[in-house]
Amino acid sequence: MGKRKIYLFLVLANLFWAGNYVFGKLVVAELSPVQMTFCRWAIAICLLFPIAQIAEKPDWRAVWRKWPLLLLMGLLGVIGYNFLLYEALRFTTSLNASLVNAMNPALIVLGAALFLKERLTVSSVAGLLVSLVGVLLVLTKGSPALILQMAYNTGDLIMLAAISVWTAYSLLGRRTRGIPPITATAVSALLGLTVLLPFFLASGNPFPLSGKAVIGILYIGLFPSVASFIFWNAGIRKVGASRSGVYMNLITVFTAVLSVLMGNAIENSQIVGGLLVFAGVYLTTFGCSNQETPAVHAHQKEAP
């Protein structure tokens, strides 16, 4: 698979995740974080397993022998991050949550350098900083000084936990190179749902839902849960955690674009910030396109 296609996958993954914020707003008023997390992945696994069988034809016995690793990925990426994100939104604003989430690429870069021995290049650091500046411009509408005036609360601290969990999930994804990405996502989601099931049953009956909530949960179950996770895992394996991580800054840009499409106004500072995010992604991706990190070669030598 060519690198251009992988980069397109990373862009699409974050476009669909941006939609998670928009449609998630419609659902969070009617479902608890546990219910929301369970419903989206219950929908997702109905598609993930057939797609895995048709597209990848995995050796299921070999896959299930790695269930401890896949269970851990399910606990982190399927349950942990999503539950913490929805829980954080109960206490903090979407602006604060997005601001904290913008720190995730930097955390992934540092984690990859510390634990996967991926080399920090000048272009990757420069791209990360440019993207972060762009995100701050988008979030603060051209007034970064607003950051100093924001009061951080319990929700902000929960978001810090959420991005820490996602960083661990992203780094751990490199350990599943012997498992096809769709298969790995399907099995980890099923194992995660098994753990979450008792908590979902104890949370009460959320049905019936409004029409908007049904549309929202269907979108979340199909696009952020199926397409984004497949694309993200494929990207992590091919280009590394640090280079993939900077693409998460696109979530803010795409969220702004979706808001405009829904009739909301956008300011010039947000447009400039969005362009900076794309410039940072370009620097990180193509500024070091001819360099392979030691971690990539190390993982290629590992047995599946």
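**A kinked helix and a buried arginine**

I'll start with helix 2, which has a kink of about 30° centred on Ile45. The bend at a residue is the angle between axes fitted to the seven residues ending there and the seven starting there. Helices here are DSSP runs of H or I of at least four residues, and strands are runs of E of at least two, numbered from the N terminus.

A word on the source: this is a predicted model, with local features needing pLDDT of at least 70, side-chain atom pairs counting only at pLDDT 80 or more, and totals for chains, interfaces and linings using all residues. Residues are numbered from 1 along each chain as its sequence is written, and side-chain values use heavy atoms, leaving out hydrogens and water.

Helix 2 has 23 residues and spans 32 Å from first C-alpha to last, close to the 33 Å expected at 1.5 Å a residue; that expected span is 1.5 Å times one less than the number of residues. After the helix comes Lys57, with a positive phi near 45°.

Now Arg40, which sits in helix 2, residues 33–55. Arg40 is buried and has no salt bridge. Buried means under 20% relative accessible area, with a 1.4 Å probe and protein chains only. A salt bridge needs a side-chain nitrogen of Lys or Arg within 4 Å of a carboxyl oxygen of Asp or Glu. The nearest side chain of opposite charge is Glu87, 14 Å away.

Note on methods. Buried means under 20% relative accessible area, exposed over 50%, partly exposed in between (1.4 Å probe, protein chains only). Lys and Arg count as positive and Asp and Glu as negative; His and the chain ends are not counted.
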